Number of protein chains: 4
Amino acid sequence: SVALRKYIINPFDRRYRAWEMFLVILVIYSAWISPFDLAFLDKKEGALRIFDNIVNGFFAIDIVLTFFVAYLDSQTYALVDDHKKIAVRYMSTWFILDVSSTVPFRSIILLCTHRKSEIGYKILGMLRLWRLRRVSSLFARLEKDIRFNYFWIRCTKLVWVTLFAVHCAGCFNYLIADRYPDPNKTWIGAVYPNFKSESMWVRYVTSLYWSIVTLTTTGYGDLHAENTREMVFAICYMLFNLGLTAYLIGNMTNLVVHWTGNTRDFRDKVTAASEFAKRNHLPAQIREQILSHICLDYKTRGLKQQDTLNCLPKAIRASISRHLFYPVVQNVHLFCGISHECLFQLVSEMEAEYFPPKEVVILQNEIPTNLYILVTGAVIIGKVVSGEMFGESGVLYNTPQSFTFQTSEISQMLRLDGSALLRTIHTNTQDGFIIMSNFYKVLFFPCMNY
Amino acid sequence: SVALRKYIINPFDRRYRAWEMFLVILVIYSAWISPFDLAFLDKKEGALRIFDNIVNGFFAIDIVLTFFVAYLDSQTYALVDDHKKIAVRYMSTWFILDVSSTVPFRSIILLCTHRKSEIGYKILGMLRLWRLRRVSSLFARLEKDIRFNYFWIRCTKLVWVTLFAVHCAGCFNYLIADRYPDPNKTWIGAVYPNFKSESMWVRYVTSLYWSIVTLTTTGYGDLHAENTREMVFAICYMLFNLGLTAYLIGNMTNLVVHWTGNTRDFRDKVTAASEFAKRNHLPAQIREQILSHICLDYKTRGLKQQDTLNCLPKAIRASISRHLFYPVVQNVHLFCGISHECLFQLVSEMEAEYFPPKEVVILQNEIPTNLYILVTGAVIIGKVVSGEMFGESGVLYNTPQSFTFQTSEISQMLRLDGSALLRTIHTNTQDGFIIMSNFYKVLFFPCMNY
Amino acid sequence: SVALRKYIINPFDRRYRAWEMFLVILVIYSAWISPFDLAFLDKKEGALRIFDNIVNGFFAIDIVLTFFVAYLDSQTYALVDDHKKIAVRYMSTWFILDVSSTVPFRSIILLCTHRKSEIGYKILGMLRLWRLRRVSSLFARLEKDIRFNYFWIRCTKLVWVTLFAVHCAGCFNYLIADRYPDPNKTWIGAVYPNFKSESMWVRYVTSLYWSIVTLTTTGYGDLHAENTREMVFAICYMLFNLGLTAYLIGNMTNLVVHWTGNTRDFRDKVTAASEFAKRNHLPAQIREQILSHICLDYKTRGLKQQDTLNCLPKAIRASISRHLFYPVVQNVHLFCGISHECLFQLVSEMEAEYFPPKEVVILQNEIPTNLYILVTGAVIIGKVVSGEMFGESGVLYNTPQSFTFQTSEISQMLRLDGSALLRTIHTNTQDGFIIMSNFYKVLFFPCMNY
Amino acid sequence: SVALRKYIINPFDRRYRAWEMFLVILVIYSAWISPFDLAFLDKKEGALRIFDNIVNGFFAIDIVLTFFVAYLDSQTYALVDDHKKIAVRYMSTWFILDVSSTVPFRSIILLCTHRKSEIGYKILGMLRLWRLRRVSSLFARLEKDIRFNYFWIRCTKLVWVTLFAVHCAGCFNYLIADRYPDPNKTWIGAVYPNFKSESMWVRYVTSLYWSIVTLTTTGYGDLHAENTREMVFAICYMLFNLGLTAYLIGNMTNLVVHWTGNTRDFRDKVTAASEFAKRNHLPAQIREQILSHICLDYKTRGLKQQDTLNCLPKAIRASISRHLFYPVVQNVHLFCGISHECLFQLVSEMEAEYFPPKEVVILQNEIPTNLYILVTGAVIIGKVVSGEMFGESGVLYNTPQSFTFQTSEISQMLRLDGSALLRTIHTNTQDGFIIMSNFYKVLFFPCMNY
């Protein structure tokens, strides 16, 4: 929606987002294939090598593209589309690492020296992992994206990290065994004496199996380190696993605590109420009312969200009230003929409440301090129908209610604090006069036109 | 209680609930027997096969029955008893899966092809597990059912899930070994060379043993994967276990945190109070009073539940107050002869408080802002007996109390805020006059009739 | 302190508590020795048997004693010393189990049948474990006992439970191996072929070693189940361990979260304040003031405890205020000559505050709404010494402060809300007049007698 | 900054802090080298021995130095520089242990007896570990140091403790094997029959490998206890590991819960708001406004920090307000010409608020109760520029706003509660008159000269 300079790409543009997503898929592919390639495929060239170079080509295009993508300034939250600023920012942060992880060192080395260099190869592998930051930042963004479920994003992340760790460790451990001078003194050679002639599937599954047996700390012991080199690797991997396991459990605990929070709160409330009723020997009827109120409260908590509303600014809250309540309040007899502004002010003061069936809203002989407007549902004893108001005589005339108002089914009502109404009447003299005359009309000539 | 159409069953009906419970038991039976049957009983037909078909019959009945069960609309919380709506809802949700898991594929296949099909058999097994959703929804309902203890429901669920996972994994792992071409290259064959001729008990216990050794990550290594097929299964099982273990620990942490919450809060409060007393060199007497107050507060927290009361609607709170306090307040001399409505209003404003023995309620020379009515217990120095009020001269006449009121034993009192009393006197002129005349009568002629 | 009937023991009596403690020690001894005896000592009689009977004797005495111990009624929190009620309560609860766990079945069986019965022996062992409820209830009491550190009580409990589980499992597992027909097909016999001729120390340590290797899920595999009987025991033990480990981790997490709570809150506050200062480019001086305030707030949180005070009843709070502040406030010139009651009321309204060095209390040109009385420390610029008041001209005369009041060292002050003072002056006309005249005396003749 | 007596060192002095840091490095060195030396280096003397004595020398110097270092009194938070008090405090606390851990027992024993004493040697090793308290207190200080990230300090501590435990256990376990009479009946000898002739690297890595395999409960079983002595050590180590693992997981859970707190709260708010909007069928425009408000609220939470400000004393808050808002408020036409004091008071009442783009600040026909001063950003419909005020006619003249004020970009505003302004006008009559005349000037001659 914001106009940017020519040849500058908006980072929130859909096509750019799709391009980023495509790169993330390439990153995941290359992150999985790199360790595998390193450990199991060192003999074979061909199709994989060509595909690898195509992937590299896409990342090279992205490096060029980044110079044309605007960025969000962290101070002003505005998009910066100045070519120079974009270039300075990129050059001073990730440019060098991005380039290093894209240059095909292997091909260059092969071209220059015509022999396979082990060390250059490994550096190449490590640099490719730099691209994983894209996956990490994708997850960070998804966690804050309201369209996705937080729980599943977090679980997916944890599963991905675990599987990737297992895969990498398996491949590296196989690599160590593969390069060890004495094949029978390796973790895999001790079990499969001629392991190098086994199929790739058997070797890969065995590696993964060792890796996961170690990660989950099962440690059967059928496959275990046989030489110092493997021991050092196993020590590092196990230390990493200790942290990873603690992190997994920590996250799971966090999610479980968060997840069960609502149910637990509800149970606590119900338990407290039951105990209170039991200890004070409350009659069964009151006990029933308390419990059904708490149950309904729990079920309809998605409808109320008072906390959510309270932290919104006043203007938004007013819009919401106006949208939800204005059509109802407009038709209430008491507010017949009053000005738009006054009605608007009253609507802003109202709050929606839900009552379960058989709950008493106003008791007989009570002088109510609140007015209620029935939106949906039914009030039996006071015989109120949708869109009607009750409780006004208590607020305006200070007389006790002559009968109990009790709901017959689940009912939504608008509650207006009596003092708010009185304040409005006092400040808006003209509208106040209309309200009071409306009130007396009903009080003294109740059988007239409604 | 709600009248439904003819031939429509209320889902909250006791008999329907019992039928559901019976089906859940059948589900549990078939969930346990299915994997066992698959792994250990593939040779034998007969009694089990017949019983299996009877179970299937019950589920077929339930499918038909579901078309006659009303459902609760999630929007209006009302029961829908319209035949068409019920049918549409069921057909569009679980009907297909329910039918697929009930059709006896195995018998049909046997009838048609006259040979045992491995694949059709396995699909059958998987479809039966669909029925487990009934167990899952039972637990979800029980967790919110106030008659059962949350902690035990949750523990039972966790234990059930763990045992079921162990059982299934054991059976499937045995199945893999049983079908492997070379019996000596299997996890069980490597230890028991002629394992197929062992008794079923030995084979089942050994399978369970391997399963639980892996689940708990003990991993002795006496039984371990010997071929690729077993390794792949073990990898999947261990990954699942990682999640399950984290889930178990997360749940346990959640329960422990919740469980120890009360004791911990109490300890924190006591520690804070002790520290405060120590650092400020408070005399031993005040220190004792503070600690005994906190201890009593902790012990009687089941009696007060102010938080529980506060979140109830006003009408229910009024009913509770009226039930608990009205008989006491009625007989207080100050409120002798005032109208029912006024007394009712005063009762709604009162709050029950508990005082430990030897606690000072009102200090000498203090002008109290609250009135107290003693319900149970005893106040020694001011010589107040149950049902009497004190502190009224401070509130109504603004005079300092001439002696200290101190409890001699654990006492329950009703506290009435002075300003609430004054407000009531001002608004209800007639009743206010009666209260004030009652007050002066006692003040000037204290030795008269009480 | 409470007088009980003759021959009735107060359960809170020190000597009775000591007796209970002595019994707990005996319980711990017998809980440890029972499984050990069962597994390792079945051949030997003698000293241990005699000691066991002495222990039983003590428990028999306790059963008789319990009929003479008063109990705390859960409803009224009063001690019940009625013989009949005590007897009824004990007979209907734990009497049968207490007796069953004390009767020396073994000796009776030996006397009657003259042969060692395996089954009677085992039931005996199980019944003795009933006594462990004493240990459990001791821990429950200690957790609520304010004299002991909650953290260490909880840790001790967890360590005790773990060690006891390890000991029991080790003994039972040895018992199974010991009774197995073929000694070479047992977990210990597979490693030590002639294990029955090894010393008891070797056998016990090996059992413990297996037990703990299994509990911690290390599972080396050097010792593992060899027959179905051992597998079933191992399955049960591992399932129990799963729960125990989750419980241990849950408790530890609970303690860590609780433990680090204070430091974490402090760090959060400091981080938030630093960030705020940085983003709003606040000058270094204000930033310093903010941080030193938060640091002091954290250090002196033991001195204030406003939350602790707020949840105490008004009478106790008044006693504390009177004890802490009265001697200081008495000597303030403004309150010279006013009545004891009025001063007392003012003291109740005061709150202690701590100011770090170089913190501004009242700014120049500000009209303060609070009065301050310096208790300890020093205020440099306004030259206030201990026991003096400042800020009163702003409150009473509505004039802006002519100079800044800034602390030079850590200072404790009493803060009195201006409106509370004005209210007191208005309600107590006589004392109000004295205060105002004191005020004008200082205002117009400041160089007079102080 | 505080002047201390001659020859007394300030503990917060930079040079002393550097010296302490240097000693901590020496402690870490000696804590790592001591167990290694004990297990692997018992034959060799020489360079290490000399270096060890130099380290001891530094600690001897520190003991002397401590008599000249002032300390912070825990009661008054003041530095104590009295020689006698410092000496008494040190002598009564850690002096003896410090001396014992520094005296070169080994050299003394060698000098006296001319033979290597095993026991004296071990006591020496244990005493050196006393020095670790310096590392522990360093971490405790760093956790509260606001310059370091809490998360990383805590992680470093946990990693350090884990690695140290692994190192120590590995060394001690090797020591046990090394001293065992029969080398083939040891954990290492069973695998490497001539392990004593292996290189130190192989022996050390194997020890570490065993140690970490046990700590992480992997327990491959390739290396395991072979004799009772090793079993006892393994039992102790595994019990310790159980506690350590629970502690690690507890800490990680704590950090994860704390870390994800902000994101989780944000997600909860967004979910609640979305649900509310969906259930109440709010139009897309209001929904957008709600979500963009919550998102901005989350992003700008570093700028507001209302909670942080609220817990600061009034004087600091006033300084902050004055620094941030005074320059803006000074130039607002309504406050033209009013006194410095009055303006200052108004500034203290103001609060900064942030509005996202397209948010409505004041609705048409609403009578606003707040005034706003635009600091940065833009308000389009009401055409307000930076430094201008709007909403004043509603507050001062009680007229509804004639048009909607809506932001066009992210805007910072100062909000002033209308009642606070009216109160200020009423109390400061002169300034109030200026404000009102400013107001009428704009109202009636809006096109004049500002």
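Is A:Thr217 buried or exposed? With a relative accessible area of 13%, A:Thr217 is buried, because buried means under 20%. The model examined here is predicted.

## Backbone at positive phi

Most residues other than glycine have a negative phi. A:Thr217 is placed in the loop between helix 9 (200-215) and helix 10 (228-279) of chain A.

B:Tyr7 also has a positive phi, about 60 degrees, and is not a glycine. B:Tyr7 belongs to the segment before helix 1 (14-40) of chain B. The relative accessible area of B:Tyr7 is 64%, so B:Tyr7 counts as exposed, the cut-off for exposed being over 50%.

## Cavities

Rolling a probe the size of a water molecule over the atoms shows where empty space is left. Over the whole structure, the search returns 16 cavities of 30 Å³ or more. The volume of the largest cavity is about 580 Å³. Its lining has 40 residues, and the closest to the cavity centre are A:Thr217, B:Thr217, C:Thr217, D:Thr217 and D:Thr245.

Several elements give two or more residues to the lining of the largest cavity: helix 9 and helix 10 of chain A, helix 10 (228-279) of chain B, helix 10 (228-279) of chain C and helix 10 (228-259) of chain D. By residue class, the lining of the largest cavity holds 22 nonpolar residues, 18 polar residues and no charged residues.

## Aromatic pairs

A pair of aromatic rings is described by the distance of the centres and the angle of the planes. Over all chains, the structure holds 100 aromatic pairs. In the pair of B:Trp187 and B:Trp210, the ring centres are 6.0 Å apart and the planes stand at 35 degrees, so the pair is tilted. This pair links distant parts of the chain, 23 residues apart: B:Trp187 is in the loop between helix 8 (150-179) and helix 9 (200-215) of chain B, and B:Trp210 is in helix 9 of chain B. B:Trp187 is buried at a relative accessible area of 1%, and B:Trp210 is buried at 3%.

B:Tyr209 and B:Tyr220 make a stacked pair, at 6.3 Å centre to centre with 15 degrees between the planes. B:Tyr209 lies in helix 9 of chain B and B:Tyr220 in the loop between helix 9 and helix 10 of chain B, 11 residues apart. Both B:Tyr209 and B:Tyr220 are buried. In chain A, ring pairs join A:Phe36, A:Phe40, A:Tyr174, A:Phe195 and A:Tyr204 into a cluster.

## Arginine over phenylalanine

In chain C, C:Arg131 lies over the face of C:Phe59, 4.0 Å from the ring centre. In chain D, the charged end of D:Arg131 sits over the ring of D:Phe59, at 4.0 Å from the centre of that ring.

## A sheet in chain C

Strands of a sheet pair through backbone hydrogen bonds, either parallel or antiparallel. Chain C has an open sheet of 4 strands in the order 3-8-5-6, with antiparallel pairing. Strand 3 (351-355) and strand 6 (389-390) of chain C are the edge strands, each pairing on one side only.

Strand 5 (residues 370-376) and strand 8 (residues 411-417) of chain C are joined in the antiparallel sense over 6 bridges. C:Leu371 stands opposite C:Leu416, which is in strand 8 of chain C.

Note on methods:
Residues numbered from 1 in each chain as written. Chains lettered and ligands numbered in written order. Predicted model: local features only at pLDDT ≥ 70, side-chain atom pairs only at ≥ 80, totals over all residues. Heavy atoms only, no water. Pairing = 2+ DSSP bridges. Buried < 20%, exposed > 50% of the residue type's maximum accessible area, 1.4 Å probe, protein only. 1 Å grid on protein atoms, 1.4 Å probe; cavity = no way out; pocket = protein on both sides within 12 Å on 5 of 7 lines; lining within 4 Å. Points joined across faces, edges and corners; volume = space filled by probe spheres on them. Nonpolar A, V, L, I, M, F, W, Y, C, P; charged D, E, K, R; others polar. Phe/Tyr/Trp six-rings, centres within 6.5 Å; stacked < 30°, edge-to-face > 60°. Lys NZ or Arg CZ within 6 Å of the ring centre and 35° of its normal.
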